[in-house]
Amino acid sequence: MPHSQKHTNNLIKESSPYLLQHAHNPVHWEAWNEDTLQKAKDENKLILISIGYAACHWCHVMEHECFEDEEVAETMNAHFINIKVDREERPDIDHIYMDALQMMTGSGGWPLNILALPDGRPFWGATFVKKTDWIQVLNQLQKLYIEDPNKITGYAENMAQGLKEINSITKTSNDELIKSNEIEKIIQDWSNYFDTFLGGYKRAPKFMMPTNMNCLLHYAHSHNDDTIYEYVNTTLTRMAWGGIFDHVGGGFSRYSVDTKWHVPHFEKMLYDNGLLISLYSNAYAATNKQLYKSTVEKTISFLEEELLDKNNGFYSSLDADSLTKNGKLVEGAYYVWQKEELIRILKDDFEIFKEYFNINSYGLWEEDNYVLIRDGKALNIAMKHSITKKELKQIITQCLVLLKKERKKRNKPRLDDKILTAWNGLALKGLTDAYRYLENPHYLDLALRNAQFIIEKMSAEDGGLYRNFKNGDSTIKGFLEDYASVIEAFIGLYEVSYDDKWLNHSLRLTKYVIDHFTDSETGLFYFTSSKEDGLIRRTLEIADNVIPSSNSIMAHNLHKLSKYFPEDNLDIRLNKIMTSMKSTITENPQNNSNWLHLAQLMDQKFFEMVAIGENFEPICKTLMKNYLPNVIFAASNAKNSNLPLLMNRYVMNKTLIYVCNHGSCQMPVEEPKKALDLLTTNIS
């Protein structure tokens, strides 16, 4: 009899697909909650915390080898309070115990398995562990806890102290912000790591790091630095050409296991795709490259087709693994192709397709499977086959339509259908950037529907936000990243919709963050609200990784909102944060690229562009499709507006454009070109 019919544990009450996957393990799993934590203290039992997520391959392997096994379950149930955590639902718990694991072992990953005292302080950790080793280590540590508890308690005390110390900020006594000459030196040093032939860094695996690319794109643009421009374009082109991009169905996988962006770890995450839609939209505005535009279009199509909920929220991810025809769960099975299969489907077009997507040794992965990858310009292939570039594009498009139809017959990867506020914020920001630069009205419609979903379904009674939404219910209060991403997205939505309710929502949520998340010493914000407790540390999340840190996004938000609402003194708070962060940014710019981007914006002239009058919409569209990273927009046709930037600027029968810097404005003009000229003459 399979486990699924024999056993049910308390995870059956949860909504997270990852937790529900473990609801029929023989292990007596509990979710992280006050009752479970209290039970550990009351019974004086060690806590076994196992953290993973639905798209994690090795999490599934460990579940099958250990957590579905009766013998393992017997050991775990006898001695421990066993808690399963979905890291995507509870990043606050994951931050702490991942730091602990890295302190203990020097590296981290998932599944993340931690043993902790009844009060939650950790003393042992590991990632994937085989069955026999797992039983052995659990028995040994339980024995030690009974026979020599002081040894374990002493180690846990040191760990708890260490966890607090590594999360502290080293402040400099120098209150100056980072200057342009420092930024130039930082970029120069950073460029030693660049892979200028294939893009990204000179290493494998390769992660896409959209925050790095946005920072460097702005730097190259503002400094007319052709070398950096070329590196950014090489990286973005190679990523869009690579197997890491799903040429058949759109959307990006999480990372590439090789140096040429060929074979991905096949799971597709909402956060990657939201950030990459923004990045490629910005890059399209800066370069007008059609490859970037089509990458945005295909990625948004993927989000709509695969991740959009009927409520207009976006689901979290698609798994890397899917079932083969033989019913075996294999990574990438849904996405790869065999040569004979392609010949059968594409017939006469196969020869051209083969060359375009390297159905050869360059595109071969393993077991006769090919992952589609480009490695050359379309024009060269078209010329070789004596056709036009347009004809080549038509043939390739037809081929991809046929492959998509064929792929629909396969077993789809599993869907993680929980909806996370922070990741929806990143996707919403992507949609606003896509609408701004590609001008497709459907993207604005999609953005407005998603934003309305966030307001209606993710708002808490106290004016804050929830973290999650599934089956009509939200169960977890929002973390800093939820607020930061939504505030950023709503600012972007204001700039393309000119509806000031989105800006007012941004300001209201920012004030909530200031009231409930502030660390008074540094001005930074804690990851968890002051209303929440039960954790051994309030984390300050500052390092930018694939996703920019919640604090760096908040700092960008303060920067923009301080221009929209100067009387709220948000710039004072921002300056305190940036001086607190100065040494951290300069010492390790690679891990603080969103901060470095903000340092650039604060060092350069930053403009407020205001259009007011009946004709403001076409004027704004003309202006905003330009790549202007150091400009915010405000616009209206109302005679009376409560927005400070719009007050007392309306003139009957005219649409005026004001170019301002710190509230000091040039004489208004009526033509978009003249406004852009004012920007370039005042930028230096």
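Start by selecting Asp 416: with a relative accessibility of 1%, this residue counts as buried. Keep in mind as you click around that you are looking at a predicted model.

Show the side chains and look between the two: Asp 416 and Lys 418 make a salt bridge, and their closest N and O atoms are 2.7 Å apart. Opposite charges on side chains can pair up when the charged atoms come close.

Next, pick Asp 417 and Lys 470. Here is another salt bridge, with 3.5 Å between the closest N and O atoms. Asp 417 sits in the loop between strand 13 (415-416) and strand 14 (419-420), while Lys 470 sits in the loop between strand 15 (468-469) and helix 20 (480-497), so this pair ties together parts that are 53 residues apart in sequence. Is Lys 470 buried or exposed? Lys 470 counts as buried because its relative accessibility is 11%, under the 20% cut-off. Asp 417, at 26%, counts as partly exposed.

For one more bridge, go to Arg 90 and Asp 92. Their side chains meet in a salt bridge at 2.8 Å, N to O, and both Arg 90 and Asp 92 are buried.

Time for a residue of another kind: select His 22. You'll find His 22 in the loop between helix 2 (17-21) and strand 1 (29-30). His 22 counts as buried, at 0% relative accessibility. What is His 22 in contact with, leaving aside neighbours within four places in sequence? Show Asn 9, Leu 11, Trp 29, Glu 63, Phe 67 and Lys 84, and you have the answer.

Finish on the surface. Select Lys 289, Lys 298, Lys 377, Lys 389 and Lys 393, which gather there in a patch of positive charge. One of them, Lys 389, belongs to helix 17, which covers residues 389-407.

Definitions and conventions: Residues numbered from 1 in each chain as written. Predicted model: local features only at pLDDT ≥ 70, side-chain atom pairs only at ≥ 80, totals over all residues. Heavy atoms only, no water. Patch = residues over 30% accessible without salt bridge, like charges linked within 9 Å, V, L, I, M, F, W, Y side chains within 5 Å. Areas by Shrake-Rupley, 256 points an atom, 1.4 Å probe, with all protein chains shown as cover. Salt bridge = Lys/Arg side-chain N within 4 Å of Asp/Glu carboxyl O. Lys, Arg positive; Asp, Glu negative; His and termini not counted. Charge placed at Lys NZ, Arg CZ, Asp CG, Glu CD. Helix = DSSP H or I, 4+ residues; strand = E, 2+ residues; numbered from the N terminus. Buried < 20%, exposed > 50% of the residue type's maximum accessible area, 1.4 Å probe, protein only. Contact = heavy atoms within 4.5 Å.
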